[in-house]
Amino acid sequence: MMKFLLPLAAFLVLVAFLVNCVAAVNSRMLADYLSYATLERASGFFNNPNETGVMTLYFIVVVVTLSRRGSLANLVMLGAAILALAITFSKTGYIVFCLL
């Protein structure tokens, strides 16, 4: 039973992080739908862009450690995470990304 649950949990974590990165890229549409007060930087489902930056860093770590190397899905997820990090303009996210 545990042999089945661990890969399923890892897959669900990857999907959740990927959905959040895509939401960060589409922040303008989400801001209209969720009625954010102001939107100067991409924030995704979070109201704070710095939290989105930290979430994308978690996603980068999960993708690099759990995915197979050189696969197309790995490159797509990594690209989505780096794009989401870039459009948040989070200084903390940039600094920690350089330290990874």
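This is a predicted model: local features need pLDDT of at least 70, side-chain atom pairs count only at pLDDT 80 or more; totals for chains, interfaces and linings use all residues.
## Overall layout

Residues are numbered from 1 along each chain as its sequence is written, and side-chain values use heavy atoms, with hydrogens and water left out.

## Surface and burial

The chain has 100 residues, and 35% of them count as buried. Here, buried means under 20% relative accessible area, exposed means over 50%, and partly exposed is in between (1.4 Å probe, protein chains only). The accessible surface of the chain comes to about 6,700 Å², with 72% of it belonging to carbon and sulfur atoms. Those areas come from the Shrake-Rupley method with a 1.4 Å probe; for residues, only the protein chains shown count as cover.

As for contacts (heavy atoms within 4.5 Å), take the ones between residues at least 6 apart in sequence: 54% of these join residues at least 24 apart.

## The nonpolar core

A nonpolar core is a set of buried Ala, Val, Leu, Ile, Met, Phe, Trp, Tyr and Cys residues joined through side-chain atoms within 4.5 Å. The largest one here has twelve residues: L14, F17, C21, A24, M55, F59, I60, V62, V63, M77, A81 and A84. Helices α1 (2-25), α3 (49-66) and α4 (72-88) are the elements that give two or more residues to this core, and α3 gives the most, with five.

## Cysteines

If you're wondering about disulfides (pairs of cysteine sulfur atoms within 2.5 Å), the structure holds zero. C21 counts as buried because its relative accessibility is 0%. C98, on the other hand, is exposed, since its relative accessible area is 68%.

## A look at T88

T88 is found in helix α4. With a relative accessible area of 0%, T88 is buried. Its side chain reaches the backbone oxygen of L85 at 2.8 Å.

T88 also touches R41, A42, P49, T52 and G53, again not counting residues up to four places away in sequence.

Key
Helices (H or I, at least four residues) and strands (E, at least two) are DSSP runs, numbered from the N terminus. A polar contact is a pair of N or O atoms within 3.5 Å; within protein, one must be able to donate a hydrogen and the other to accept it, and residues adjacent in sequence count only if both atoms are side-chain atoms.
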